[in-house]
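This report covers a ligand site, a pocket and some backbone features of one protein model. The sequence and structure come first.

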Amino acid sequence: MSDSPLLDAWFHARSLARRPLQIPGHKNRYVSADSTAPGAEVMAPLIRDDLPLQGGADDNSFSKKLLVRSEKLWSTAVGAQHARFLVGGSSQGNISAVTAVANPGERVLVDRTSHRSLHAALVVSGASPVWVLPEIHPEFGIPVGVPASRIEQGGADQVAVFITSPSYVGTLSDVAALAKATHDQDSVLVIDQAWGAHLDFLPGGGAIAQGADIATTSVHKTLLGYSQTAVTTLGGHRIHAARLDRAVDLTATTSPSATLLASIEATRVVMAGDGGPALDRAVELTASMRATLAKITGLVVLTEANSGCQLDPLKVTLWLPRAGIDGVALGAALWEFGHGVEAADADTLVITMSLVDEEAFATEITDTITSAIGVLRGPSRAPTPAAMWRVSPIVAMSPRDAFFAPRRRVPLDQAAGLISAEQFTPYPPGVPLIAPGEQITQEIIEAIAIAGRSTRVAYASDPELRTVEVVAS
Ligand SMILES: Cc1ncc(COP(=O)(O)O)c(C=O)c1O
């Protein structure tokens with residue numbers, strides 16, 4: 001039995017370049033370099049590797065069961081009971097996971113620093129959120145994990161707990177402790193591990209190895225998959241695989257790309273080979289980048305000692321006020337050098353490393369940051385912590401009811417006291433300042449204005465951020 005059924009089938013089908021009497025519309029005519037199909041110059045480089053699963057890598061009736069076999073191999077590799085490949089990112093995984101564990105009206109304890117897709121999950125599932133906040137670092141103003149003691153906040157009738165770990169700034173919750181506390185409540189633990197796909201391949205493993213019932217990871221974020229690829233996995237026996245399958249199928253395209261899916265399988269195959277040592281090297285490189293940067297006067301580099309929590313070993317998170325640096329300006333300077341950073345706000349700059357980053361690259365980046373800081377530094381200043389890590393919403397309505405309620409548009413600066421029907425989400429990190437069903441406050445209105453001056457505030461219906469859709473009373 002092949003260890004890479006999907007990948008083998010993909011290469012085979014690609015080499016045949018069949019001439020189908022069905023989709024895809026490009027009919028594999030752009031595969032060869034001397035294609036004469038319309039617009040070959042632009043189409044060929046873009047879609048020569050596109051191959052559907054149905055009628056492409058597999059036949060129309062999926063008789064080779066390539067996807068199911070490949071998902072099984074992934075779940076075995078990460079110690080899960082079951083896995084589903086996703087081409088709608090971890091966004092799809094989060095929506096599926098919540099829909100699988102909570103029925104309309106059922107109570108779910110939810111980390112309010114979660115990604116916007118969690119709010120979509122609440123609209124789709126109809127689950128009723130009880131928000132929980134992570135511990136916020138007293139000086140750095142960033143989340144440093146949700147303590148297990150907060151699990152009981154959901155009350156005795158909570159059916160599930162949804163926590164994001166790693167956070168966008170690379171801090172980790174103690175998933176094993178969360179799993180124990182959740183299971184003691186007879187509830188299930190769902191972890192958004194979008195940023196931690198690599199954790200499943202490191203000693204100690206990721207959320208599933210630590211006892212979570214469902215974990216979703218973006219293969220495209222910190223491993224090697226095509227953009228949009230993710231996997232949701234099931235651990236333990238508290239949730240039946242059929243429940244997760246129903247929810248994944250509810251949210252999935254019926255025309256998945258075999259190319260995207262095969263890139264997930266290829267990632268697993270690489271991680272079993274030279275990807276494993278490469279990941280170990282990347283972890284060492286990240287540690288040495290942190291150590292070198294920490295020598296810069298005034299610059300705080302997040303460590304387990306100064307954050308008080310475990311860290312994602314592939315993140316370099318810089319805290320800048322003591323060096324008198326504006327993170328947005330530093331991010332912009334690095335962009336000019338061709339190095340987009342993961343996130344940058346006034347106080348914090350986040351870098352994601354990966355197993356393909358070489359030692360020479362890590363040295364170059366460390367040098368570039370050092371000289372950019374030399375240019376941009378100023379006198380030590382007071383921190384201006386980002387607002388999205390501290391949102392403690394006044395929940396006025398369920399997210400689902402607010403989303404489907406009649407709505408009206410009002411000026412944002414006159415909206416205090418009204419119930420939002422939409423999201424305002426600074427991106428990155430994609431954590432909404434306000435979401436459907438939450439009461440708009442003066443503090444939130446100001447936070448939206450501040451965020452709008454330095455970053456993209458996504459998903460607001462008014463891109464100028466002057467008006468907001470509220471629930472019509
Ligand atoms: C914590 C978190 N969860 C989920 C997602 C969604 O992941 P994807 O882009 O793979 O849909 C993101 C995206 O940035 C995220 O930050």
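Predicted model: local features only at pLDDT ≥ 70, side-chain atom pairs only at ≥ 80, totals over all residues.

Residues are numbered from 1 along each chain as its sequence is written, and side-chain values use heavy atoms, with hydrogens and water left out.

**Ligand site**

The ligand is surrounded by 15 residues, and S91, D192, W195, S218 and H220 are the closest; a residue counts as near if one of its heavy atoms lies within 4 Å. In this shell, four residues are nonpolar, nine polar and two charged. The classes take Ala, Val, Leu, Ile, Met, Phe, Trp, Tyr, Cys and Pro as nonpolar, Asp, Glu, Lys and Arg as charged, and the others, Gly among them, as polar. At least two shell residues come from each of α5 (89–101) and α8 (219–222), and α5 gives the largest share, four residues. Helices (H or I, at least four residues) and strands (E, at least two) are DSSP runs numbered from the N terminus.

| Side chain | Distance to a ligand oxygen atom |
|---|---|
| S91 | 2.6 Å |
| H220 | 2.8 Å |
| Y427 | 3.5 Å |

On its own the ligand has 390 Å² of accessible area, and the protein covers 89% of this (Shrake-Rupley method, 1.4 Å probe).

**Largest pocket**

The largest pocket holds about 660 Å³ of space. A pocket here is an open set of points on a 1 Å grid over the protein atoms alone, where a 1.4 Å probe fits, with protein on both sides within 12 Å along at least five of seven lines; lining residues have an atom within 4 Å of a point. The volume is the space filled by probe spheres set on the points, which are joined across faces, edges and corners.

Its lining has 36 residues, with A386, A387, M388, L433 and A447 nearest the centre. Two or more lining residues come from each of β10 (343–344), β11 (348–352) and α16 (442–454), and α16 supplies the largest share, seven residues. The lining divides into 24 nonpolar, seven polar and five charged residues.

**Backbone**

A cis peptide bond runs from Y427 to P428, with omega near -10°, and P428 sits in the loop between β13 (425–427) and α16. I23 and P24 are also joined by a cis peptide bond, with omega about 10°.

Definitions and conventions
Polar contact = N/O pair within 3.5 Å; in protein donor to acceptor, adjacent residues only side chain to side chain.
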